[in-house]
Structures are given as structure tokens and as C-alpha cells.
Amino acid sequence: MLDCHDLTFHYRRCDPGETPDFCFTFALPPGECLAVEGPSGSGKSTLLALLAGFLEPGGGRLTWRGRDLLGLPPWERGITTVFQDHNLFDHLPVWINVGLGLAPDMKLSREQQARIREGLAEVGLAGLHDRLPGELSGGQRQRVALLRALLRGSPLLLLDEPFTGLDEATRQGLWALVRRQKAAGVAVLLVSHDRDDIEALADRRCRLDSGRLV
Amino acid sequence: MAERRGPVTPVSRWATLSRWPLGWGLAAFTAVVGLGLGSLGALLWQARGLHPAMLWEEPWLAAVLRFTLWQASLSTLLSIGLAVPVALALARRPRFPGRHLLLRAMELSLVIPSLIALFGLVAVHGRRGWAAPLRDWLGALPEDYLYGLSGIVLAHVFYNLPLAARLMLQALEEAPAAQWRLAGQLGLTRVALWRALEWPRLAPLVPRLAALVFTLCFTSFAIVMTLGGGPNSSTLEVALYQAMKFDHDLALAALLALTQLTICLSLWLLALSRGGTPRLAVSGRPGRPPGRWWRRDAGGLSRFTDSLWLAGLAALLLPPLVAVLVAGIVGLPELPQGASLAPAALRSLVMALGAGLGALALAVALLAGSQWLRASRRPFEALVMEGGGQLILVIPALVLGTGLFLLLRPRLGSGWEGYALVVLVNAFMALPFAMQVVRGALPGLSAPEQRLADQFGVRGRARVRWLIWPRLRRPLALALAYAMTLSLGDFSVIALFGSPSAPTLPMLLFQQLGGYRWQGAAATAMLLLALVALVFALLDRLTRRPPRHAWTFLPPRERRDARLS
């Protein structure tokens with residue numbers, strides 16, 4: 001269970017006792033998808049950045065199965081985020097982009113290489129392993145990012161509007177991938193504006209209002 | 001709710017800042033600024049008993065100063081003034097037969113050693129050059145227009161107009177394609193396009209570009225030595241050389257050097273106080289034309305005027321370059337007979353490699369240190385560190401060489417020590433250019449990339465290997481090639497500290513030109529040009545993106561099949 005309790009964040013230094021800009025409290029059990037809605041600027045990306053370890057919270061508690069995550073750097077948190085864009089390194093071919101998720105030093109075992117090959121075939125990218133991201137369509141790029149997230153096997157998946165701007169068929173393919181992960185026990189936090197995405201994936205939904213989850 | 005002031009993903013809080021870059025940066029900064037200011041200090045110390053009033057009281061010195069200012073101003077005005085319509089014409093016409101060739105010729109003229117360019121200019125514009133029949137037919141030009149003010153300005157324009165036009169074109173091509181599309185859709189007229197798109201792109205560039213061109217023309221040595229040199233067409237740089245080399249008048253040399261420095265520095269301060277921070281180096285990547293969208297200003301009269309500007313540019317650039325190639329091919333049989341050629345070429349290459357690597361190491365150290373300071377939120381210190389490398393731009397080579405000579409005089413003997421000094425000065429002189437090329441690539445990872453790298457734990461050596469080095473290797477190679485080329489073509493510093501009996505290729509070329517040994521000079525020029533081309537080709541090949549099959553992770557058998565196919 002991901003337990004987030006009074007996780008606060010200020011964009012500027014604030015005095016003790018002052019109400020923080022953001023304060024998040026929620027719980028997310030394994031295998032469940034929680035959707036977070038909210039207008040632009042409401043703090044959706046801030047929430048994800050705090051969970052993933054890209055921002056330092058002002059206070060609060062964040063644990064996964066009782067293990068404190070706040071003192072850990074992003075790569076040790078067991079969390080993978082898929083963003084709306086900029087998910088890939090533009091100068092590296094597809095398979096290295098995926099491979100970096102499995103082995104940060106790119107010393108891939110034969111088994112890992114085989115998993116990448118099979119994964120690419122599974123998401124319909126067979127034969128595109130040595131393409132650069134600039135040579136792929138938006139949907140293909142997102143499939144690469146999602147495949148990497150899935151192959152990493154993190155127990156927590158954060159999705160920051162990853163389906164925005166994709167056509168219906170591509171979105172349905174990506175939804176199926178996420179559903180498979182949920183079935184395998186991965187907890188998913190989905191941030192989206194799109195009702196279709198939320199209805200297709202979310203088990204619960206909440207709304208961000210004035211920096212608080214309601 | 002509070003308003004967000006920065007991006008959601010600032011510089012990673014997990015990125016531990018190693019202090020190595022700062023250490024290297026400080027070491028390089030101390031070396032560059034210390035030697036730069038030290039050489040200036042030595043000059044000041046030497047100039048103690050001098051009266052600056054000499055500059056206007058001594059008629060010949062006043063004439064030299066007037067001529068230096070006049071030729072540099074005229075060359076700058078013509079180079080920048082003519083570069084604007086040329087760059088606009090090239091931007092307006094993204095596709096025409098010969099455009100690629102013209103751009104390559106412009107880039108070649110940026111790196112070609114000045115003595116080679118002079119050789120080509122003499123072959124075309126000399127008394128019996130290719131242009132002689134046209135000149136006689138026109139009857140408006142004197143026979144010796146290549147010598148004196150007109151020749152010096154022509155040579156400076158030959159060198160600097162392509163530089164200015166190429167940088168302006170780069171600035172225009174860097175405008176987002178959407179802006180050009182929008183302009184096409186709105187049907188903006190020529191004037192409207194100029195005001196809305198073209199001038200805003202050029203305006204930040206012009207002050208610094210003008211300062212750069214003025215400094216290059218003001219401190220130009222080989223061109224003035226060859227095409228001027230008489231009492232009526234001598235510059236401060238040449239007078240400085242003569243004071244050092246022939247009159248051994250160090251006090252006069254110091255006064256001239258300080259005068260030169262004061263003028264260049266004032267101009268740079270003026271230029272730096274205006275405009276943004278434009279890139280003053282031509283990108284290694286081929287420029288991307290704005291696109292094929294319809295431009296309202298591309299038809300009508302501009303068809304004719306653009307053709308005129310581009311034909312003029314081709315007439316200025318191509319004949320001297322072709323003349324060097326033709327004369328070089330004719331002079332090829334001379335190559336085996338030139339006993340001094342091989343040692344001179346080897347000497348040049350070794351010195352260029354030393355200077356190039358030195359410039360590159362200093363550039364990377366300064367930029368890495370400055371980036372470290374910026375990441376530690378010390379922007380002012382970062383600016384000072386980066387500015388240290390650019391300081392050399394306003395200290396002319398001979399000033400630096402003279403100052404260092406004065407500093408090291410008790411110890412500086414002859415022979416290899418003089419050559420080591422040349423390598424050092426050349427490395428310093430190439431530093432600002434190397435920094436300009438590397439600067440764009442060194443910041444490395446963008447905020448989203450850093451976020452990804454942190455997420456996957458790509459750190460340390462793996463981060464350098466996979467994320468930083470692939471972006472750096474091409475700019476580093478280009479910077480090394482530029483620095484080596486500058487050193488390969490150097491004639492000013494080597495003329496002061498080199499030995500005529502052990503010449504480098506430019507020295508040998510100058511000796512041959514002075515002795516009217518045209519065949520030998522042609523062969524030497526050709527060899528020098530070939531070395532420049534070799535340096536660029538070799539570095540380009542060594543740092544090209546790996547072929548795709550080297551990156552694939554297919555099983556060996558499939559990989560072999562893919563390679564065969």
C-alpha cells in the first residue's frame with residue numbers, strides 16, 4: 001500500500017504555521033488505479049514530482065508497504081513515471097532508451113535483451129528497435145515509454161497525462177498494457193484531464209482543489 | 001494558492017555536484033587570466049617611461065593609428081553591411097542550384113589560413129591575375145588595386161563577409177518554423193517581414209558581430225603585411241611586429257600593444273552592453289532552411305536583387321578558392337622537390353595539435369567550472385569564469401606574445417622554447433572560438449532528461465557514456481578542428497618567435513611568396529589547405545554517430561544478415 005500522509009510542498013519559503021501551498025493525503029493499494037483530476041495549475045504534476053522524488057516535500061510521510069520513501073533518491077523508490085512528453089532521450093535509439101530502464105549502466109544480460117525484443121514486438125514496434133525517437137510517431141514514442149515502465153517492473157506506476165493527443169486505437173492499446181500491469185499488482189496513479197482515460201482505467205477518482213485532494 | 005515561480009522539475013536535488021569541474025575551471029581561469037593579465041602587466045611595466053602623446057605627436061605613429069582605425073572601420077562596415085542582404089537572400093531562397101556549394105565555400109573561407117586566401121586573392125586580383133582583363137576593360141580600377149587600402153579592405157571583406165553572413169543566416173534559420181509559416185499565411189510584405197521576423201533575429205547579433213569583425217580587422221597581420229606594409233598602409237599590429245622584431249624597441253611595442261588593447265576592449269565593452277548572448281560560432285550541423293512555405297517577398301523585384309547579391313558573393317568567394325586549387329594542382333610536381341616542406345608540415349601539425357588540445361582543455365574546464373557555479377546558483381561568478389576565456393579575444397595575439405615574451409625574457413632562449421610559446425599563445429587565441437563551439441553542447445541534459453536519468457538511476461560513468469558524451473563528441477571535434485586550423489594558419493605569432501631556418505608551413509609560404517617562387521608557394525598552399533581539410537575530415541569521421549548495426553542488439557546471426565542487407 002502506498003501511504004501518503006500530509007505530504008506538503010511550498011513554492012517559496014514560508015513561515016512556520018503558514019498554510020502550505022500543497023498538502024496531499026491518500027492511500028493507494030497494489031493493483032488499484034487512482035485517477036487525479038484537476039484544472040491546470042492545481043498541482044497534479046507537483047504531486048507526481050513529490051512522489052517520484054523530483055521535488056523535496058516540506059513535510060509529511062510517504063511509505064510503500066511500510067517502507068519510508070522520502071529519504072530515497074528517485075531510482076531507489078520503485079516508482080516509474082510516464083510523462084505526457086519528453087520520455088525518451090532523443091539521441092539514443094529505441095532499444096537503448098528501453099534498456100536504460102532495465103540496466104542503468106546498459107550492461108544488459110541476454111535475458112534482458114530478449115525481454116526488450118519480445119516487449120517491442122508485443123507493443124507493435126518490432127523492427128523499430130534502432131530508430132531514433134525523432135523518427136517515431138507520438139503514439140509510438142509513448143508505447144516505448146510505457147514498455148520501458150512495464151519492463152522495469154516497478155510496483156508503482158505514475159502516469160502524467162500519457163495518452164494526451166493520441167488517436168483512439170493507440171490509446172486503447174496503451175490502456176490494455178496498463179490494465180495488464182494492474183492485474184499483476186502494480187499500483188497506478190493516473191493524472192488526466194480526459195474522462196475516457198479515467199473511465200477506462202480508474203478504480204477510484206479524486207479531484208485536486210486548492211492544493212488538496214478531495 | 002501560491003503562484004508557481006519555477007518549473008516543477010528544477011535541477012535534481014539528488015544530483016551530487018562533484019567539485020572536480022570547479023577545480024578544473026578555477027585552474028584554467030587562473031592560467032588564462034593570470035597569463036593574460038600577467039602579459040599585460042609586463043607591458044605596463046615596460047611602458048612606464050612612455051608618453052602616450054607620442055601617438056598623436058609622432059606623425060608616422062599618428063598616421064599608422066589613423067590608417068588602422070580607418071581600414072578596420074571600413075572593412076567592418078562593408079562586411080556587416082553587405083552580409084545583411086546576402087544573408088536575407090540566402091534565407092529567402094532555401095533551394096537553388098549551387099546553394100550548398102556557396103554555403104560550403106562560405107564555411108571554407110572561415111577556416112582557410114589567411115596566407116592561402118591571400119595567395120588566391122593575388123592569383124585573381126593581382127596585376128596579372130584572372131580579373132586583369134575585366135579590370136582593363138572596365139578601366140576604372142588602377143592596376144595595383146590589390147595593394148594598399150583597397151586590397152586590405154577587399155581581403156578583409158573576403159574573410160569577414162562570409163563569416164557575418166553565415167552567422168546571420170544561422171540566426172534567421174533558428175527562428176521557429178511556425179513563425180515563418182505564420183508569416184507566409186499572413187502574406188507579410190518584405191518590410192513587415194523585416195520588422196517582425198528578420199530584424200529581431202539579427203539585432204542581438206549585430207553589435208557583437210561588428211565588434212568581432214572590427215577586432216579581427218584591427219589586429220589583422222598577415223593580410224596587412226602582404227598587401228600593405230608601406231608607411232601609408234601600415235597598422236598597429238605590423239608596427240608592433242616591426243618594433244619587436246627589427247628595432248627591438250620594447251617600450252614602443254608596449255605602447256602600441258596597449259593602444260590596440262584599449263581600443264578593442266572599449267569596443268567590446270560597448271558591444272557587450274547591447275544585445276543578448278548570440279552564438280558567434282557556426283554550428284557544425286548543416287543549417288535547416290526555414291522551409292518551402294510561400295513567402296510574399298520572394299517574388300518580383302527581390303528575385304533580381306537576390307540573384308545580384310548571391311552572384312556578387314560567388315564572384316568574391318569562388319575565384320580565389322578555385323585559384324588556390326588550380327595553382328596547387330599545377331604546383332603538385334613541386335611537392336617532392338621541396339625538401340623543407342615535409343619538416344615544415346610536420347612542425348605545423350604537431351604545433352596545431354598541441355594548441356588545439358590546449359584550447360579544448362581550457363575551454364572545457366572553463367565551461368564546466370562555469371556550469372558548476374551556475375548549478376550552485378552563483379550566476380555572477382559563472383559569468384566571470386566564462387568571461388575569463390573570452391578576455392583573450394580583446395588581447396591581440398602579438399600583445400599576448402609580447403607580454404609573455406617580456407615575462408619569460410630572462411629564461412626564454414631560442415629553439416623549442418620559442419615554439420612552445422607559439423603553441424601556448426595559439427591555444428589562448430583559439431580559446432574563445434573553441435568555447436563558442438562547445439558552449440551550446442556542454443550544458444548536457446535538459447531538465448526532463450535529468451528527471452529521466454534520475455528516475456532510472458543513470459549516473460556517474462553510465463551518464464557520461466550514454467547521455468553526455470554522445471552530445472559532446474561532435475562539438476568537441478569541431479572545436480578541436482577550428483582551434484587546430486587557427487594554429488595551422490597562424491602567421492603572426494610564429495613570425496615573431498619562430499626561426500626562419502625551421503619554418504612552419506605559413507612561414508614557408510610567406511618566404512616563398514616574398515621570393516616570387518610561385519610554383520613552390522602554390523604547392524605549399526595546397527599542402528596547407530590539404531592539412532586543414534584532413535583535420536576536419538578526420539575529426540568528422542572519428543566522431544560520427546555509430547552506424548546503426550553497431551547499436552543493434554540483434555543476435556549475431558541476425559546482425560550479420562542486417563549488415564549484409
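The largest cavity is lined by 41 residues, and B:Leu110, B:Tyr159, B:Leu216, B:Phe433 and B:Leu486 lie nearest its centre. This is a predicted model. The volume of the largest cavity is about 1,100 Å³.

Six helices of chain B each give at least two residues to this lining: α4 (99–111), α7 (149–173), α10 (205–218), α11 (222–227), α18 (416–439) and α20 (460–488). The largest share comes from α18(B), with 6 residues. Domain 1 (15–45 + 338–546) and domain 2 (60–334) each contribute at least three residues.

The second largest cavity has a volume of about 50 Å³. Its lining consists of B:Ser348, B:Met351, B:Val422, B:Asn426, B:Ser487, B:Leu488, B:Asp490, B:Ile494, B:Thr504 and B:Pro506. In chain B, α15 (341–375), α18 and α20 each supply two or more of these residues.

The table sets out the lining classes.

| Cavity | Nonpolar | Polar | Charged |
|---|---|---|---|
| Second largest cavity | 5 residues | 4 residues | 1 residue |

How many cavities of 30 Å³ or more does the structure hold? There are 6.

Definitions and conventions: Residues are numbered from 1 along each chain as its sequence is written. Chains are lettered from A and ligands numbered from 1 in the order in which they are written. This is a predicted model: local features need pLDDT of at least 70, side-chain atom pairs count only at pLDDT 80 or more; totals for chains, interfaces and linings use all residues. Side-chain values use heavy atoms; hydrogens and water are left out. On a 1 Å grid over the protein atoms alone, a cavity is a set of points where a 1.4 Å probe fits but cannot get out, and a pocket is an open set with protein on both sides within 12 Å along at least five of seven lines; lining residues have an atom within 4 Å of a point. Grid points are joined across faces, edges and corners, and a volume is the space filled by probe spheres set on the points. Helices (H or I, at least four residues) and strands (E, at least two) are DSSP runs, numbered from the N terminus. Domain bounds come from an automatic or database domain assignment. Ala, Val, Leu, Ile, Met, Phe, Trp, Tyr, Cys and Pro count as nonpolar, Asp, Glu, Lys and Arg as charged, and the others, Gly among them, as polar.
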